[in-house]
Amino acid sequence: MNGKLVDTNVIIRVLKGTSELFNLFDDMENLFVSSISIGELMYGAQLSERADDNSENYLSFCQQMKVIVPDEEVSRYYGKIKAQLKRNGTPIPENDIWIAATAMAGDLDLVTADNDFKSVEGLSLEMR
């Protein structure tokens, strides 16, 4: 695969109107989202006062991208990443490990604003 995996924080910022990110979505054909990010979005929506509306908006937006569900290859990368982080003493949240593994398994650039991902060796990042 070639393209970009869009992290949860980027999706939230775009939907809140952060205009400097809009051009990222000009080429939806090469954009991907992890089902883990969709889960994070659904969690946030359920905590909001407009749970149904926010859930619908998030799902509608994510359906414009290709959704990647963790498979055996992603799981292998997850194990490698988590072990590397433990050895280096640089833990990051579990969901971020899965998202990084998804990007690496798909040979995708991860588009994020989260500095935690800088701890993952070999991960191609596009910081936004």
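These notebook entries record what I looked up in the predicted model shown above.

**Entry 1. Ground rules.** I number residues from 1 along each chain as its sequence is written, and my side-chain values use heavy atoms, with hydrogens and water left out. In this predicted model, local features need pLDDT of at least 70 and side-chain atom pairs count only at pLDDT 80 or more, while totals for chains, interfaces and linings use all residues.

**Entry 2. The largest core.** I looked for nonpolar cores, meaning sets of buried Ala, Val, Leu, Ile, Met, Phe, Trp, Tyr and Cys residues joined through side-chain atoms within 4.5 Å. Buried is under 20% relative accessible area, exposed is over 50%, and partly exposed lies in between (1.4 Å probe, protein chains only). The largest nonpolar core has 20 residues, and Leu 5, Ile 81, Leu 110, Val 120 and Leu 123 touch the most other members. Two or more residues come from each of α4 (72-88) and α5 (94-105), and α5 gives the most, with 6 residues. I took helices (H or I, at least four residues) and strands (E, at least two) as DSSP runs, numbered from the N terminus. I also noted a second, separate core of 19 residues, which includes Val 6, Val 14, Leu 24 and Phe 25.

**Entry 3. Helix α5.** I checked the length of α5: its 12 residues should span 16 Å at 1.5 Å a residue, and its end C-alpha atoms are 17 Å apart, which agrees. The expected span is 1.5 Å times one less than the number of residues. The buried residues of α5 include Ile 97, Ala 100, Ala 103 and Met 104.

**Entry 4. Asp 107.** In the loop between α5 and β4 I found Asp 107. Asp 107 has a positive phi of about 55° although it is not a glycine, and it is exposed, with a relative accessible area of 57%.

**Entry 5. Strands.** I counted strands as paired if DSSP finds at least two bridges between them. Strand β1 (residues 4-6) runs parallel to strand β4 (residues 109-112), joined by 3 bridges, and Leu 5 stands opposite Leu 110. β4 also pairs with strand β5 (residues 125-127) in the parallel sense over 3 bridges, where Leu 110 stands opposite Leu 125.

**Entry 6. Aromatic rings.** Which rings form a stacked pair with centres 4.1 Å apart? I found that Tyr 78 and Trp 98 do, with their planes at 15°. Rings of Phe, Tyr and Trp (its six-membered ring) pair if their centres lie within 6.5 Å; planes under 30 degrees apart count as stacked, over 60 as edge-to-face and the rest as tilted. Tyr 78 lies in helix α4 and Trp 98 in helix α5, so the pair ties together parts that are 20 residues apart in sequence. Tyr 78 counts as buried at 15% relative accessibility, whereas Trp 98 is partly exposed at 23%.
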